[in-house]
Amino acid sequence: MDITRCHQAEVLPDLDFPGHDKLVAAIDDAVNAGDEHAVTSALRNTLCRMIRDRDVQLPDCVFDAIDDHYARREIYRSPRLGYSVVAMTWGPGQGTPVHDHCGLWCVEGVWDGELEITQFELLERNGDNFRFRAAGGMHAGPGSAGSLIPPHEYHTIRNASGDHVAVSLHIYKAPMEACSMFVPREGEWFQRVDKTLKTDEAA
């Protein structure tokens, strides 16, 4: 018996919103800047500029917090360059454990609200046990952007506000579908745990 299978082409995330084409063109230009240091530097400048650009308005859905976890909504994935754009929505008090980015560079910008970001320095490793020390933190407000290039990728993000939602935009080298998170043990020691990252519906 002959069986014909039809393979549907993968539909990449691509939400429509005001300024979509302007944002994508600006990111494309930055991603073509050269090596990862040049790319992330160009993307930081681009993201700061786009956050302040009144022509660019993120989809309404990214301003809606989810009660039991911070939201991850992928709003665009480049079919040609492979990068992924994820809007994250942080309800009051929501945040991440210490985590990495699975070897991917990333540029993160605060679109609305304020986030508390803490970098961690890896001091020692014994199998799945890691010793970290906080290496500086910052409160980032709208229009600010930072970058992470492995191996300097260990950090936490938290919305310290008790009543305001925060929104950030993250541009990853490729879709980030998993990462390592680090569970506190004793003192400066943490245990590594694999974590699959889920994406919330964006509409």
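Which element gives the largest share of the lining of the second largest cavity? It is H1, with three residues. Keep in mind that this is a predicted model.

Let's stay with that cavity. Its volume is about 50 Å³. The residues lining the second largest cavity are Phe-17, Leu-23, Val-24, Ile-27, Ile-75, Tyr-76, Tyr-83 and Val-85. H1 and E1 are the elements that give two or more residues to this lining. By class, the count is eight nonpolar, no polar and no charged residues.

Now the core. In soluble globular proteins, nonpolar side chains tend to be buried together. Here, the largest nonpolar core has 29 residues. Ile-27, Leu-43, Ile-75, Tyr-83, Val-85, Leu-169 and Ile-171 have the most contacts inside it. Two or more residues come from each of these elements: helices H1 (20-31) and H2 (36-52), and strands E1 (71-77), E2 (84-90), E4 (106-112) and E9 (166-172). H1 gives the largest share, six residues.

Take Ile-27. Leaving out residues up to four places away in sequence, Ile-27 touches Leu-43, Thr-46, Tyr-83, Val-85 and Ile-171.

How many cavities of 30 Å³ or more does the structure hold? Two.

Last topic: salt bridges. The count comes to 10. Arg-131 meets Glu-124 at 3.1 Å, N to O. Glu-124 is partly exposed, at 37% relative accessible area. Glu-188 meets Arg-133 at 2.8 Å, N to O. Glu-188 sits in the loop between E10 and strand E11 (189-196), and Arg-133 sits in strand E6 (residues 129-140), so this pair ties together parts that are 55 residues apart in sequence. Both partners are partly exposed: Glu-188 at 25%, Arg-133 at 42%.

One more pair. Asp-194 and Arg-192 form a salt bridge, with their closest N and O atoms 2.5 Å apart. Asp-194 is exposed, at 60%, whereas Arg-192 is partly exposed, at 22%. Finally, shared partners join Glu-124, Arg-131, Arg-133 and Glu-188 into one salt-bridge network.

Notes: Residues numbered from 1 in each chain as written. Predicted model: local features only at pLDDT ≥ 70, side-chain atom pairs only at ≥ 80, totals over all residues. Heavy atoms only, no water. Core = buried A, V, L, I, M, F, W, Y, C linked by side-chain atoms within 4.5 Å. Buried < 20%, exposed > 50% of the residue type's maximum accessible area, 1.4 Å probe, protein only. Helix = DSSP H or I, 4+ residues; strand = E, 2+ residues; numbered from the N terminus. Contact = heavy atoms within 4.5 Å. 1 Å grid on protein atoms, 1.4 Å probe; cavity = no way out; pocket = protein on both sides within 12 Å on 5 of 7 lines; lining within 4 Å. Points joined across faces, edges and corners; volume = space filled by probe spheres on them. Nonpolar A, V, L, I, M, F, W, Y, C, P; charged D, E, K, R; others polar. Salt bridge = Lys/Arg side-chain N within 4 Å of Asp/Glu carboxyl O.
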